[in-house]
Amino acid sequence: MDLGRFVLDKQLLDSDKRRCGKVDDLALVAENDELPVVAGILAQQGTLARDMGGFIFRLVRWLYRLVGIRHPEPVFIAWDLVDKIDVVVHLCKTRHALGLDRLQSALGERIIGKIPGA
Amino acid sequence: MQWHKIAGLALGMLTAVGGFVDIGGIITSMQAGAQFRFALLWTLVPGIVGAIVYTEMSGRIALASGRAAFDVIRERLGYKLALIPLVAAVIANLLTLVAELAGMALVFEFASRVSYLLWFPIVALFLWIVLWKASFDLMDQGTALLGLATFVFVAAMVALHPPVGEIGKELILPQIGGSSVAAYLFMIVSLLGANMTPYQFYFYSSGVIEERWGGEDFTLNRASSIIGTAFGGIVAFGIMVVAAMALYPQGMRNPDLRSLGEAVSGPFGVVGWVLFLVGTFAVSMGAGLESALSTAYSVAQYFGFDWGKRFRPKAAPVFSLVYTAMIPLAVLIALTGVDPIQLTLWAMAIAAFSLPFSFGPLLIVANDQEYMGEQQNSRAINAVAIFLLLLLSIITVVTIPLLIINIGGG
């Protein structure tokens, strides 16, 4: 499978069909001299910012801290938690169980939730 | 089923309203007629054709792939390249929002004689309340219905008995007389930017998903794109001719919006004035809603978070935060005292500058069989779309020096 074309940058959907970010990066492992295999997906919490580095990375970390996420780290989703891949990547657990809802929950509780009618 | 079709046409109308007949479209069309009489009417032809082609394309992308156009663009281009249309759209949309809110505030200034700057924060809060509380259907259909009042510009054009033969000649061979070539080129850029704003295509595509159009709605998509755009284009034509007939002879080369309202109320009296106010308010509000929502759609889709009006704000917090944050930012920009007419012209020129960064990715995705299946662009559509993209790319290159010359020339 062409991972760059068919996996990277795809939308992630959890078992409740809720959006939970994109496939920002892939974790590969290689044992001995064997070809590397996909160990899992990396998503959210500055995964892309790490790649861009410099000012962008510092800014993103600061924004996460602003909403109470003091130590943002890319979320690792083991490959065996991927249910299927079509136009999106379907996961077999909820985003809450996978830790993919931290930013949305923080924004919801700390900012949006405080506005009447939210 | 019938209501679904009517609602679908409303989406096309609202999108076109956001393109042709928002405050940017009204002001640039007015300026074009007042400064150059009929010499810029021809720009409506590529404007209408381009808007139809790219609106239909963005809707077809959503229907074929089940996902909004920007969502697919993000995936197809990757996160680094997709940053370009995202940043371009955010900047253009924010300036457009300021202009649209200014349009809403100016209507109250005309009705009350209280400065639009005092009305600005009030209309901004009103717009945010509509974004926060109203359903997508109510926003879409409500503003499209009220926007029909702008047909008063077409009626005023007919009442002024325009010289049809002369207009026909100018459509083919425009005469700019002794006017500045740089000013003429700047108006071309502003008009094309006003008639094809980036937000309208991403908004339309996301709207197709919001309204849950299905795989059988390709014909509705075409009809909505054509009818909505045609309506917007006809109204823009009417505005330019009214300005040419009523304002140009008076030597008004930089008229304000009130002058246009007076030109419309000339043939129709108070009724014309009221329709002018209602129509201007409605289309400015519609375009304001579009530009804010389009930005929120694009940001949420870029990062892969929940988006859409079907969620309560707390359930789609990134989406809600983006359009909420745009409101105070727009107020801050307006309170710098920048002239709303000038700001509108600059916003439209910047929108024109950003168009290739929006159109290019749309074209790539619309030709990708993985996303489009059998609904890929035909050769004819590609030919028209590529020609327009090249035209807009040339405009992008000349926009910056024209902006500098125009600002320097005051």
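Two strands pair if DSSP finds at least two bridges between them. Helices (H or I, at least four residues) and strands (E, at least two) are DSSP runs, numbered from the N terminus. The model is predicted: local features need pLDDT of at least 70, side-chain atom pairs count only at pLDDT 80 or more, and totals for chains, interfaces and linings use all residues. Residues are numbered from 1 along each chain as its sequence is written, chains are lettered from A and ligands numbered from 1 in the order written, and side-chain values use heavy atoms, without hydrogens or water.

**View 1. Chain A as a whole.**
Chain A holds 5 helices and 7 strands. Read from the N terminus, its elements follow the order α-β-β-β-β-α-α-β-β-β-α-α. Its C-alpha atoms fill a box of roughly 55 × 35 × 20 Å along the principal axes. Of the 118 residues in chain A, 44% are buried (under 20% relative accessible area; exposed is over 50%, partly exposed in between; 1.4 Å probe, protein chains only). Among contacts (heavy atoms within 4.5 Å) with a separation of 6 or more, 51% join residues 24 or more positions apart.

**View 2. The open sheet of 4 strands in chain A.**
The strand order is β2-β1-β7-β6 in chain A, and the pairing is mixed. Why do β2 and β6 of chain A each have one side without a neighbour in the sheet? Both stand at the edges with a single partner strand, so one side of each is left open in this way.

**View 3. The open sheet of 3 strands in chain A.**
Here the order is β3-β4-β5 in chain A, with antiparallel pairing. The edges belong to β3 (25–29) and β5 of chain A, each of which pairs on one side only. Strand β4 (residues 37–43) of chain A meets β5(A) over 4 bridges. One bridge links A:Gly40 to A:Ala78 in β5(A). Which residues form the covered face of β5 (residues 75–78) of chain A? A:Val75 and A:Ile77 do, while A:Phe76 and A:Ala78 make up the uncovered face.

**View 4. B:Thr150 and helix α7 of chain B.**
B:Thr150 sits in the loop between α6 (136–147) and α7 (151–159) of chain B. Is B:Thr150 buried or exposed? B:Thr150 counts as buried because its relative accessibility is 0%. Leaving out residues up to four places away in sequence, B:Thr150 touches B:Val21, B:Phe231, B:Val235, B:Gly279 and B:Val283. In α7(B), the buried residues include B:Val152, B:Phe153, B:Val154, B:Ala156 and B:Met157. The buried residues of α7(B) pack against α11 (218–246) and α12 of chain B. After α7(B) comes B:His161, with a positive phi near 50 degrees.

**View 5. The largest pocket.**
This pocket has a volume of about 1200 Å³. On a 1 Å grid over the protein atoms alone, a pocket is an open set of points where a 1.4 Å probe fits, with protein on both sides within 12 Å along at least five of seven lines; lining residues have an atom within 4 Å of a point. Volume is the space filled by probe spheres set on the points, which are joined across faces, edges and corners.
The lining has 38 residues. Nearest the centre lie A:Val60, A:Leu63, B:Val299, B:Phe303 and B:Val318. Which element gives the most to the lining? α4(B) does, with 7 residues. By class, the lining has 29 nonpolar, 6 polar and 3 charged residues (Ala, Val, Leu, Ile, Met, Phe, Trp, Tyr, Cys and Pro are nonpolar; Asp, Glu, Lys and Arg charged; the others, Gly among them, polar).

**View 6. The second largest pocket.**
About 310 Å³ of space lies here. The lining counts 14 residues. Nearest the centre are A:Leu13, A:Lys17, A:Arg19, B:Gly66 and B:Arg67. The lining of this pocket divides into 8 charged, 4 nonpolar and 2 polar residues.
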